[in-house]
Amino acid sequence: MGIRLPAVLHAKHILGRSLPIVPKGYLAVYVGEKEKKRFLVPISYLNQPSFQDLLRKAEEEFGFHHPMGGLTIPCTEDTFLDLTSQFDRL
């Protein structure tokens, strides 16, 4: 029996310090209100209606200019983790 990794991972836990690399099948997002943390999420999350709502909110708040150089989601880290943890149960 193997160890199951959570679907949403802090990028540095997977990649060490080489943050610019995103593994195939994942999307890098920055989450947080003040201090942004980088997460890697499976691209399958793009099919989730609640994740799409987050993306719409990100577009409304940031437009297509993302200050972190990647997709920025304007919510707390706890909210993001709570939401994405529900995807693992589906």
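This is a predicted model: local features need pLDDT of at least 70, side-chain atom pairs count only at pLDDT 80 or more; totals for chains, interfaces and linings use all residues.
View 1. F39 belongs to strand 3 (residues 37–42) and F80 to helix 3 (residues 77–89), so the pair ties together parts that are 41 residues apart in sequence. Both F39 and F80 are buried.

**View 2. The pair formed by Y45 and F51**. The ring centres of Y45 and F51 are 6.1 Å apart; their planes stand at 65°, over the 60 degrees required, so the pair is edge-to-face. Y45 has a relative accessibility of 4% and therefore counts as buried. F51 is buried too, with a relative accessible area of 0%. Together with F87, Y45 and F51 form one aromatic cluster.

**View 3. The largest nonpolar core**. This core has 13 residues. V29, V31, F51, L54, I73 and F80 are those with the most contacts inside it. Two or more residues each come from strand 2 (26–31), strand 3, helix 2 (49–62), strand 4 (71–73) and helix 3. Helix 3 gives the most to the core, with 3 residues.

**View 4. Surroundings of I73**. Leaving aside residues up to four places away in sequence, I73 touches V29, Y30, V31, G32, F51, L54, A58 and F80.

How values were computed
Residues are numbered from 1 along each chain as its sequence is written. Side-chain values use heavy atoms; hydrogens and water are left out. Helices (H or I, at least four residues) and strands (E, at least two) are DSSP runs, numbered from the N terminus. Buried means under 20% relative accessible area, exposed over 50%, partly exposed in between (1.4 Å probe, protein chains only). Rings of Phe, Tyr and Trp (its six-membered ring) pair if their centres lie within 6.5 Å; planes under 30 degrees apart count as stacked, over 60 as edge-to-face and the rest as tilted. A nonpolar core is a set of buried Ala, Val, Leu, Ile, Met, Phe, Trp, Tyr and Cys residues joined through side-chain atoms within 4.5 Å. Contact means heavy atoms within 4.5 Å.
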